[in-house]
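Subject: Structure for your review

Dear colleague,

Please find below the structure that I am handing over to you, together with its sequence. My notes on what was found in it follow.

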Amino acid sequence: MFYKDERLALFIDGSNLYAAGKSLGFDIDYKLLRTEFMRRGKLLRAFYYTALLENDEYSPIRPLVDWLHYNGFSMVTKPAKEYTDSQGRRKVKGNMDIELAVDAMELAPRVDHIVLFSGDGDFRPLVESLQRQGVRVSVVSTIRSQPPMISDELRRQADNFIELDDLKDVIGRPQREASPDRDD
């Protein structure tokens, strides 16, 4: 469902895509992901959305964010909010849905096809609005995890649903094998 001459934009809900990949047992190789969609059309932008813990000395996602930024992805980040729930557990909240939706609406007049990497049902009205503007929308997520990572409403609204598990061989990072101890 891709045409070589269409202008594409990728919108990646970072935490959602990470969770979907983990539920399928693989990590995403973002260089391969970008290359794959450059092959499918004229890739104008690849946005990646994530919240960052600003007050931690080391954030496990920081190296990925830096790598993506230096390798052609448009990074959209904001500080995550930390709070304590009613049971006294430390929780982190960092929803990027509004930022993603606003950027998609702004870019819609300049693209033919948007690929949304998320299964979040909150994006269904966004997909519907983009379609009314003449933009085709593909959604990448998974129904093969337990429970499925994509909402039924979002999958039905999309012009095209791409099963993340089917992309595993194309965009999955090869599994590292445990290296045997060396006696060098």
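Helices and strands are DSSP runs numbered from the N terminus, a helix having at least four residues and a strand at least two. Please note that this is a predicted model.

With that numbering, Glu6 falls in the segment before strand 1 (7–13). Glu6 has a relative accessible area of 4%, and it is therefore buried, the cut-off being under 20%. Leaving aside residues up to four places away in sequence, Glu6 touches Met1, Gly41, Lys42, Asp112, His113 and Arg136. One of these, His113, is 107 residues from Glu6 in sequence, yet the C-alpha to C-alpha separation of Glu6 and His113 is 6.9 Å.

Helix 5 spans residues 124–132, and its buried residues are Leu126, Val127, Ser129 and Leu130. These residues lie on the same side of helix 5, because they cover an arc of only 165° around the axis. In general, an α-helix has 3.6 residues a turn, so residues three or four places apart point the same way. The cover over the buried residues of helix 5 includes helix 4 (97–107), strand 6 (113–117), strand 7 (136–141) and helix 6 (152–157). Just after helix 5, Gly134 adopts a positive phi of about 90°.

The largest cavity holds about 30 Å³ of space. Its lining consists of Phe11, Leu100, Ala104, Ile114, Leu116, Leu126, Val127, Leu130 and Val137. Helix 4, strand 6 and helix 5 are the elements that give two or more residues to this lining, and helix 5 gives the most, with three residues. By class, the lining of the largest cavity comprises nine nonpolar residues, with no polar and no charged ones.

The largest pocket

The largest pocket contains about 860 Å³ of space. It is lined by 34 residues, of which Gly14, Tyr18, Tyr48, Ile61 and Leu64 are the closest to its centre. At least two lining residues come from each of helix 1 (14–23), helix 2 (30–40), strand 2 (42–52), helix 3 (62–70) and strand 5 (90–93). The lining of the largest pocket divides into 18 nonpolar, seven polar and nine charged residues.

Aromatic pairs

The count of aromatic pairs comes to seven. Among them is the edge-to-face pair of Tyr30 and Phe73, with 6.1 Å centre to centre and 90° between the planes. Tyr30 belongs to helix 2 and Phe73 to the loop between helix 3 and strand 3 (74–79), so this pair ties together parts that are 43 residues apart in sequence. Both Tyr30 and Phe73 are buried. Elsewhere, Phe2, Phe37 and Phe117 are linked into a cluster by ring pairs.

A cis peptide bond

Finally, I draw your attention to the backbone at Pro147. The peptide bond that joins Gln146 and Pro147 is cis, with omega at about -5°. Pro147 is placed in the loop between strand 7 and helix 6.

Yours sincerely,

A colleague

Key. Residues numbered from 1 in each chain as written. Predicted model: local features only at pLDDT ≥ 70, side-chain atom pairs only at ≥ 80, totals over all residues. Heavy atoms only, no water. Buried < 20%, exposed > 50% of the residue type's maximum accessible area, 1.4 Å probe, protein only. Arc of directions from axis to C-beta. Contact = heavy atoms within 4.5 Å. 1 Å grid on protein atoms, 1.4 Å probe; cavity = no way out; pocket = protein on both sides within 12 Å on 5 of 7 lines; lining within 4 Å. Points joined across faces, edges and corners; volume = space filled by probe spheres on them. Nonpolar A, V, L, I, M, F, W, Y, C, P; charged D, E, K, R; others polar. Phe/Tyr/Trp six-rings, centres within 6.5 Å; stacked < 30°, edge-to-face > 60°.
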